[in-house]
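Trainee: I am new to this structure and would like to learn how to read some of its features. Could you take me through them one at a time?

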Amino acid sequence: MKPHLLAGAVVLAIGIVAAAPLSVAEGLPDLGEAAQAEFSPAMERRIGESIMQDIRRDPAWLDDPEVNAYLNRIGNRLAAQSPESRQEFEFFSLRDPTLNAFAMPGGYIGVHTGLILAANSESELASVLAHEISHVTQRHLARLVNKAGQGQISSLLALAVAILAARSSPDLAVGAAMAGQGAAIQNQLNYSRDFEREADRLGLVLLERSGFDIRGMGGFFERLQKFGRIYENNAPGYLRTHPLTTERLADLGNRIQSRPYRQVADSMEFQLVRAKLRAQEGTSRDAVTEFEARLRDRSFAGAEAAVRYGLAQALLRDGKLAAAEREVGELRRLKAQSPMIETLAAQLRQKQGDPAGAVKILREAQPRYPQERAIVYGLLETLLEAGLIQDALKLSEDDLLSYPSDARAHALQSRTYARLGKRLQQHRAQAEAYALLGQLALAVEQMELAQKSGDGNFYEQSRVDARLREMKQRLAEEAKQAKPK
Ligand SMILES: [Zn+2]
């Protein structure tokens, strides 16, 4: 079992990381005496952000703008129904076959790919997100921290280190030992029955108001419990941190039965996201074989497009580009519509040495899906590959006016400037990308390179000077806060 990040987050909140021996604990904010007085929402956000910096560098981090955009769309649709809708959320995924999902301080909610694949319907996936969102809006984390008390601090510290280390530790034995130690301590920090009941009840309200089938929650939790019996002492991580009692299932059942039945179809996006994740599991050959078998048996219950899309993704991964192209042709014949199909089609053209063809697909798709970030990222990359650097720059400049906080867009602009040989702008854009990811030291380093580049005009140079001063000031403030007392 992978240890649960949630409990680690709780520990860090107590602000006693000074003696932590591992590098992972460095750079985490020491919250000093204030943390013991009160665990404020601003403090929660800061801790969450700090843990996210480690998570984004973890090999398990799923850096897929399509999967993440999907999770954020469905998560924010649920969160918008919450009475405490001022809370900001960020949903993300970790490549991990175990069934788990967790909420961290500050509204960061992670879902393992294993859980997304185990969900039988979109409502089931939504029910897990709704439950996690409710833990956040009800501030269960803060309440757990306040309850944990001083006596447990030393063992909690061990857990914080174990949790952050186990996932990326190259030494599996050490990782496993730490994980075991972590699991033992973690049991003290599981959500209480009261918190679970509250998260279930509020979660059901969010599900219903967002138009999902509330039966998804009962169905999924019951299936998780069955998994638990199969694994015996190695129950899904989710059940360890969200204890599922008979009483809890009965309470859920009663509430669900009292509501009118509502059939909700899965969205195309849900089916495509699952197919994409499945295509990346195991060996590429196995993935191809599985999708081919599903097509042969016609066991796709009306979702032929998703199976063909999954097969095309698996074939692409397996290097069978012509066969993948044929499946995209089938998707066109089925008149399947999704931005995910366009990015796949473009990727295939690109892999076959036709960047101009890829550009054409994405240019046509962009006005049809103006909100889709993956289309813009793909278009910027293919324009660069096709040598259309000025077009890339124009697109990038326009795009950043609408999405100034998009780190990936700044990084792509940096690559564009690099191709144009504009060093000041290249390093400035990269500095903005790092700053948005919370990596201020790297941002300052890049901004200093921009300052020294000597190839900017007066206006550009002054802008760099001003941003560098701001960044250095922020870095100094952070260093002051992190200094051990
Ligand atoms: Zn829970």
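Mentor: Let us begin with Lys-422, which sits in the loop between helix 22 (407-420) and helix 23 (423-436), where helices are DSSP runs of H or I with at least four residues, numbered from the N terminus. This is a predicted model, in which local features need pLDDT of at least 70 and side-chain atom pairs count only at pLDDT 80 or more, while totals for chains, interfaces and linings use all residues. Residues are numbered from 1 along each chain as its sequence is written.

Trainee: Is Lys-422 buried, exposed or partly exposed?

Mentor: A residue is buried if 20 or more other C-beta atoms, placed from the backbone, lie within 10 Å of its own, exposed if 12 or fewer, and partly exposed in between. Lys-422 has 19 other C-beta atoms within 10 Å, so Lys-422 is partly exposed.

Trainee: Which residues does Lys-422 touch, not counting residues up to four places away in sequence?

Mentor: Contact requires C-beta atoms, placed from the backbone, within 7 Å, and by that test Lys-422 touches Tyr-417 and Asp-455.

Trainee: How do helix 21 and helix 22 pack?

Mentor: Two packed helices are described by the angle between their axes and the distance between the axes. The axes are lines fitted to C-alpha atoms over the stretch in contact, and angles run from 0 to 180 degrees between N-to-C directions. Helix 21 (residues 389-402) and helix 22 pack at about 150°, with their axes 10 Å apart, and they are therefore roughly antiparallel to each other, a term for angles over 145 degrees. Among the residues making the contact are Ile-389 and Leu-393 of helix 21 and Leu-412 and Thr-416 of helix 22.

Trainee: What angle do helix 4 and helix 20 make?

Mentor: Helix 4 and helix 20 pack at about 160°, their axes being 9 Å apart, which makes helix 4 roughly antiparallel to helix 20. In this pairing Pro-65, Glu-66 and Ala-69 of helix 4 meet Arg-373, Ala-374 and Tyr-377 of helix 20.

Trainee: How many residues of helix 18 are buried, and what covers them?

Mentor: Twelve of the 13 residues of helix 18 are buried, and what covers them includes helix 4 (65-79), helix 14 (268-279) and helix 20 (373-385). As for length, the expected span is 1.5 Å times one less than the number of residues, so helix 18 (residues 339-351) should span 18 Å, and its end C-alpha atoms are 18 Å apart, which agrees. Helix 18 is followed by Gly-353, whose phi is positive, near 75°.

Conventions: Helix = DSSP H or I, 4+ residues; strand = E, 2+ residues; numbered from the N terminus. Contact = placed C-beta atoms within 7 Å. Parallel < 35°, antiparallel > 145°, perpendicular 65-115°, else oblique.
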